[in-house]
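Student: I have a model open and want to learn how to read it. Can we go through it feature by feature?

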Amino acid sequence: MYTVYALYSEKYNKIYIGFTKHLPSRLQSHNSEKNTGYTKRYQPWKVVYTEEFDTKQAAMKREKELKSFKGREFIRNTILEHK
């Protein structure tokens, strides 16, 4: 099972979209002090959206869709609904 997820940094108003097999440990790595990637600059992150997929290919396809302009607009609207 694969999870496509959207993270939100309220402090910086940034969205990050990815996929993983184990969301709790992936979120922990995004928020870790040892993180050296893009997400380190905008910590802390919280999960604002998830979808589950049976295959890696399906998850990758959905991740790509969410990274498009319309996908990011959908995520932003989801964030606003939950504020």
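Tutor: Start with rings. Rings of Phe, Tyr and Trp (its six-membered ring) pair if their centres lie within 6.5 Å; planes under 30 degrees apart count as stacked, over 60 as edge-to-face and the rest as tilted. Now the ground rules. This is a predicted model, where local features need pLDDT of at least 70, side-chain atom pairs count only at pLDDT 80 or more, and totals for chains, interfaces and linings use all residues. Residues are numbered from 1 along each chain as its sequence is written, and side-chain values use heavy atoms, with hydrogens and water left out.

Student: How many aromatic pairs does the structure hold?

Tutor: There are 8 aromatic pairs. Take tyrosine 2 with phenylalanine 19: the ring centres are 6.3 Å apart and the planes stand at 55 degrees, so this pair is tilted.

Student: Which strands hold tyrosine 2 and phenylalanine 19?

Tutor: Helices (H or I, at least four residues) and strands (E, at least two) are DSSP runs, numbered from the N terminus. Tyrosine 2 belongs to strand β1 (residues 2–9) and phenylalanine 19 to strand β2 (residues 14–20), so the pair ties together parts 17 residues apart in sequence.

Student: Is tyrosine 2 buried or exposed?

Tutor: Buried means under 20%, exposed over 50%, partly exposed in between (1.4 Å probe, protein chains only). Tyrosine 2 has 15% relative accessibility and counts as buried. Phenylalanine 19, at 23%, counts as partly exposed.

Student: What kind of aromatic pair do tyrosine 49 and phenylalanine 74 form?

Tutor: Their pair is edge-to-face, with 5.2 Å centre to centre and 90 degrees between the planes. The pair links distant parts of the chain: tyrosine 49 sits in strand β3 (residues 46–53) and phenylalanine 74 in helix α3 (residues 69–81), 25 residues apart. Tyrosine 49 is buried at 17% relative accessible area. Phenylalanine 74 is partly exposed at 35%.

Student: Which residues form one aromatic cluster?

Tutor: The cluster consists of Tyr5, Tyr12, Tyr16, Tyr38, Tyr42 and Trp45.

Student: Let's zoom out. In what order do the elements of the chain run?

Tutor: The chain has 3 helices and 3 strands. From the N terminus on, the order is β-β-α-β-α-α.

Student: How do I judge the radius of gyration of the chain?

Tutor: Compare it with a rule. The radius is taken over C-alpha atoms, and the globule rule is 2.2 Å times the number of residues to the power 0.38. Here the radius of gyration is 12 Å, close to the 12 Å that the rule gives for 83 residues, so the chain is as compact as a globular protein of that length. Its C-alpha trace spans about 30 × 25 × 20 Å along the principal axes. Of the 83 residues, 36% count as buried.

Student: What about contacts?

Tutor: Contact means heavy atoms within 4.5 Å. Among contacts with a separation of 6 or more, 58% join residues 24 or more positions apart.

Student: Which residues does methionine 1 touch, not counting residues up to four places away in sequence?

Tutor: They are Thr20, Lys21, Glu52, Phe53 and Asp54. Methionine 1 lies in the segment before β1. At 53% relative accessible area, methionine 1 is exposed.

Student: What phi does asparagine 13 have?

Tutor: Its phi is positive, about 55 degrees, although asparagine 13 is not a glycine. Asparagine 13 lies in the loop between β1 and β2. At 41% relative accessible area, asparagine 13 is partly exposed.
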